[in-house]
Every structure is written in structure tokens, then in C-alpha cells.
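Subject: Structure handover

Hello,

Here is the structure I promised to pass on. Please open it beside this email and follow along.

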Amino acid sequence: GMLERCGGCAAHVYEPVERHSEVARRRLSAFPGAVVHRAAVGAARAQGKVLVQGLSSRLDAEGGEPTEVVAAADVLRGLGGKRVSVLKINIEGGEYEVIEALVSGGAIALVDNLQVQFHRTGSGDRGERRRQVQGLLNATHCLTYSFPFLWENWRLRA
């Protein structure tokens, strides 16, 4: 994976589900630069609940497991001005608000590559919200690949 190839890089993993964060800790224990945080990443700091359903989970669900939500911009700024080579976001629909917050606060400029999995937000979702956020990203980043609603990568413009 990526940690084997980068040789000594730092990796911060945010996982709000306790059992999943423990699995991540075990899997990443061989990499001294890897830190697993038992928290969710959102647009703003908050307390939330995460509900696990099969292989997926979602934040702010009724009856879920309590979790801390940390603001994505605070995470990036907490790195002391260091550039982020890759920011990977797969947060089951929360990516829209997180990216909007990163763009509006300027923290997106710290990210060299943004890998994001956009999710449909409802049965009638034809991708309008995704296109709006892509328009925001296009001001600072260029799209290098896109598999719609699977993965896409945005690289910081030179």
C-alpha cells in the first residue's frame, strides 16, 4: 500500500467506529508514522453518533455509537503548516460539507492531492451537488481521474 511506498511518511487515519479503529491500529502498527484517531471528520467540530449497517456506516444517525467529530480544517491546520500529499475522503455523504468548509476556509490549499468518493445523497440525486463541489475544487485543483461516485483525484494546481 501507500505507506510501504512512501518510506517514513506520516498517516493520520480517522475512524469513528471503535471496532474498526482497533482493526486499523493493528494493521498499521508496523508503521511508526501511522496514527489512528477514534473520531469522525466533519465540516465542524461536534458530538455525533455513527450507525454501522453492514460494511457501511453513517454519521448523525439515531441510535448509533457516540463519537467525536473533528473539523477537517482543524486537522489540516494542526499539522503545523505541513503540506498534505494525499487527503483521502470517504465519509458516506459528509464529503460535500467537508470539502465546502475546506474551500471556504482556504485549508484546501494545503492539500496536494484530494482523493474523494462522492456519494449520492438520495434516490433522486443526479449528481448536482457533486458538480457544485467539483466547481469549487476546480478553482485550486485539477481533476486527474474520475470514476463517478467511485473515486476521483484532484491535484493542486501549480
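Which residue's side chain does Gln-117 join through a polar contact? The partner is Asn-90, at 3.0 Å. A polar contact is a pair of N or O atoms within 3.5 Å; within protein, one must be able to donate a hydrogen and the other to accept it, and residues adjacent in sequence count only if both atoms are side-chain atoms.

Some ground rules come next. This is a predicted model, where local features need pLDDT of at least 70 and side-chain atom pairs count only at pLDDT 80 or more, while totals for chains, interfaces and linings use all residues. Residues are numbered from 1 along each chain as its sequence is written, and side-chain values use heavy atoms, with hydrogens and water left out.

Helices (H or I, at least four residues) and strands (E, at least two) are DSSP runs, numbered from the N terminus.

**Around Gln-117**

Gln-117 sits in the loop between strand 8 and helix 5. Its relative accessible area is 14%, so Gln-117 is buried. Buried means under 20% relative accessible area, exposed means over 50%, and partly exposed lies in between (1.4 Å probe, protein chains only). Set aside its neighbours within four places in sequence, and Gln-117 is in contact with Ile-89, Asn-90, Glu-95, Phe-149, Leu-150 and Trp-151. Contact means heavy atoms within 4.5 Å.

Four strands make an open sheet in the order 7-8-10-9, with mixed pairing. Strand 7 (84–89) and strand 9 (141–147) are at the edges; each has a single partner strand, so one side of each lacks a neighbour in the sheet. The twist averages 15° from one strand to the next. Angles run from 0 to 180 degrees between N-to-C directions, and axes are lines fitted to C-alpha atoms, for helices over the stretch in contact.

Strand 7 pairs with strand 8 (residues 111–116) in the parallel sense, over five bridges. Two strands count as paired if DSSP finds at least two bridges between them. Look for Leu-87: opposite it, in strand 8, stands Leu-114.

**Helices on the sheet**

Helix 4 (residues 95–105) packs on the sheet and touches strand 7 and strand 8. Its direction makes about 150° with that of strand 7. Helix 5 (residues 128–137) lies across strand 8, strand 9 and strand 10 (151–156), at about 20° to strand 10.

Which residues of helix 5 are buried? They are Arg-130, Val-133, Gln-134 and Leu-137. These cover an arc of only 105° around the axis, so they are on the same side of helix 5. The arc is that of the directions from the helix axis to the C-beta atoms. As background, an α-helix has 3.6 residues a turn, so residues three or four places apart point the same way. Helix 4, strand 8, strand 9 and strand 10 are among what covers the buried residues of helix 5.

**The cores**

A nonpolar core is a set of buried Ala, Val, Leu, Ile, Met, Phe, Trp, Tyr and Cys residues joined through side-chain atoms within 4.5 Å. The largest has 20 residues, and Ile-99, Leu-102 and Leu-114 have the most contacts inside it. Helix 3 (72–77), strand 7, helix 4, strand 8 and helix 5 each give two or more residues to this core. Helix 4 gives the largest share, four residues.

Take Ile-99. Not counting residues up to four places away in sequence, Ile-99 touches Ile-89, Leu-114, Val-116, Phe-118, Val-133 and Leu-137. A second, separate core has six residues, including Leu-3, Ala-11, Ala-34 and Val-36.

Now Leu-102, in helix 4. Leu-102 is buried, with a relative accessible area of 0%. Its C-alpha atom is separated by 9.2 Å from that of Leu-76, 26 residues apart along the chain.

**Positive phi**

Most residues other than glycine have a negative phi. Glu-92 is not a glycine, yet its phi is positive, about 50°. Glu-92 lies in the loop between strand 7 and helix 4. It counts as partly exposed, at 35% relative accessibility. Phe-149 also has a positive phi, near 60°. Its place is the loop between strand 9 and strand 10. Phe-149 counts as buried, at 17% relative accessibility.

Best wishes
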